[in-house]
Amino acid sequence: MAWRDPRTPRVVRWPCVALLAYAPSPVDLIPDFIPVLGLLDDLVLLPLGIVLVVALVVALVPRPLWQDCLQRAGQREARLPCWRWEAAAVVLLWLVLTAGAVSGIIAWSR
């Protein structure tokens, strides 16, 4: 919500753009062909970058704007539908499929 608000300073948007550009980029700080260290930037640097960018955005957005965005987010959340039954159906489906796969593997291995 702060991103779309015209009161948000431009300096707040640049770290977000940089992180969004780096995340899907095939160019990494540590190349992926290096056995263990290659995946380090994907597993450590991206989550660390997200935490740092969020902290920077929270620090740079003016406090009244931040409070206004939190209030609007709370109002929007109250209007969202609740999907408990649908989520329970998906979890149940995955449990049934997993149990079927495990029982099939056990039957096949005998």
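Predicted model: local features only at pLDDT ≥ 70, side-chain atom pairs only at ≥ 80, totals over all residues.
Reader: What makes the chain more spread out than a compact globule?

Author: The chain has four helices and zero strands, in the order α-α-α-α along the sequence. Its radius of gyration is 22 Å, whereas the globule rule gives 13 Å for 110 residues; the value is well over the rule, and the chain is therefore more spread out than a compact globule. Along the principal axes, the C-alpha trace spans about 65 × 45 × 15 Å. Of the 110 residues, 15% count as buried.

Reader: Why is Asp5 called buried?

Author: Buried means under 20% relative accessible area. Asp5 has a relative accessibility of 7%, and therefore counts as buried. Asp5 lies in the segment before α1.

Reader: Which residues is Asp5 in contact with, leaving aside its neighbours within four places in sequence?

Author: Asp5 is in contact with Arg13, Leu65, Asp68 and Arg72 when those neighbours are set aside.

Reader: What makes up the largest nonpolar core?

Author: Ten residues form this core: Ala2, Val12, Cys16, Leu19, Leu46, Val53, Val57, Val61, Leu65 and Cys69. At least two core residues come from each of α1 (10-22), α2 (40-60) and α3 (63-79). Membership requires burial and a link through side-chain atoms within 4.5 Å.

Reader: How does the reach of α2 from its first C-alpha to its last stand against the expected value?

Author: α2 has 21 residues and reaches 29 Å, close to the 30 Å expected at 1.5 Å a residue. Within α2, the buried residues are Asp41, Leu46, Gly49, Val53 and Val57, and their cover includes α1.

Reader: How many of the contacts between residues at least 6 apart in sequence join residues at least 24 apart?

Author: The share is 51% of those contacts.

Note on methods
Residues numbered from 1 in each chain as written. Heavy atoms only, no water. Buried < 20%, exposed > 50% of the residue type's maximum accessible area, 1.4 Å probe, protein only. Contact = heavy atoms within 4.5 Å. Expected span 1.5 Å × (residues − 1). Rg over C-alpha atoms; globule rule 2.2 N^0.38 Å.
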